[in-house]
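Here are a few notes to read alongside the model. Have it open as you go through them.

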Amino acid sequence: MKRNQITLFLIGTAVGVVLYLILKESFSQPGLAQWEGKYEQIGFFRNENNTGPVIRVIAVRVLGSEEMWMKEFAEAQPHTKYGRTLVFFFSKETPGRIELSPNPPYFEESLNSQLIASFEKGPMGDIRFNRLIP
């Protein structure tokens with residue numbers, strides 16, 4: 001009888017430890033706050049289609065120009081299966097908000113000179129990151 005109690009105690013302890021580790025990892029993941037101070041969102045578009053492909057277009061003013069955080073930031077944006085997520089990174093000199101559309105060129109062509117990089121996550125999850133200005 002005592003052996004069964006010890007076995008149950010060990011199993012319960014192991015389950016408790018695993019549950020603790022899962023919860024700790026779940027609640028300690030970095031969120032969008034890790035990029036705080038490196039960007040400012042200056043435009044957003046999402047089509048109203050909830051039954052078909054969802055298109056998200058995001059314009060960001062870059063305050064820090066390291067390529068690695070831009071890729072990580074863009075990959076952390078919401079994406080819907082069979083949809084498209086586009087993120088455009090503009091220089092910090094870009095004035096005001098940007099009006100975005102669901103169709104190319106997505107923003108006014110006069111802003112092309114301010115574009116630093118672009119990111120696209122396609123319908124099948126394929127990722128393209130283009131750095132335009134080094």
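The points below cover the sheet, one serine and some aromatic pairs.

1. Keep in mind that this is a predicted model. Its sheet is an open one of 5 strands, running in the order β1-β2-β3-β4-β5 with mixed pairing. At the edges sit β1 (39-46) and β5 (127-131), each pairing on one side only. From one strand to the next, the twist averages 15°.

2. Take a look at the β5 side of the sheet. Strand β4 (residues 115-121) pairs with β5 in the antiparallel sense, over 5 bridges. Ser 118 belongs to β4 and stands opposite Asn 130 in β5.

3. Is Ser 118 buried or exposed? Its relative accessibility is 13%, and the cut-off for buried is under 20%, so Ser 118 counts as buried. Beyond its neighbours within four places in sequence, Ser 118 is in contact with Val 87, Phe 88, Arg 128, Phe 129 and Asn 130.

4. Now the aromatics: the structure holds 9 aromatic pairs. In one of them, Trp 69 and Phe 89 have ring centres 6.1 Å apart and planes at 90°, so this pair is edge-to-face. Trp 69 is in helix α2 (residues 67-75) and Phe 89 in strand β3 (residues 84-90), so the pair ties together parts 20 residues apart in sequence. Trp 69 is buried at 3% relative accessible area, and Phe 89 is buried at 0%.

5. Phe 89 also forms an edge-to-face pair with Phe 73, at 6.3 Å centre to centre and 65° between the planes. Phe 73 lies in helix α2 too, so this pair links it to strand β3 across 16 residues of sequence. Phe 73 is buried, as is Phe 89.

6. Finally, Tyr 39, Trp 69, Phe 73, Phe 89 and Phe 129 make up one aromatic cluster.

Technical notes
Residues numbered from 1 in each chain as written. Predicted model: local features only at pLDDT ≥ 70, side-chain atom pairs only at ≥ 80, totals over all residues. Heavy atoms only, no water. Pairing = 2+ DSSP bridges. Helix = DSSP H or I, 4+ residues; strand = E, 2+ residues; numbered from the N terminus. Axes fitted to C-alpha atoms, helices over the stretch in contact; angles between N-to-C directions. Buried < 20%, exposed > 50% of the residue type's maximum accessible area, 1.4 Å probe, protein only. Contact = heavy atoms within 4.5 Å. Phe/Tyr/Trp six-rings, centres within 6.5 Å; stacked < 30°, edge-to-face > 60°.
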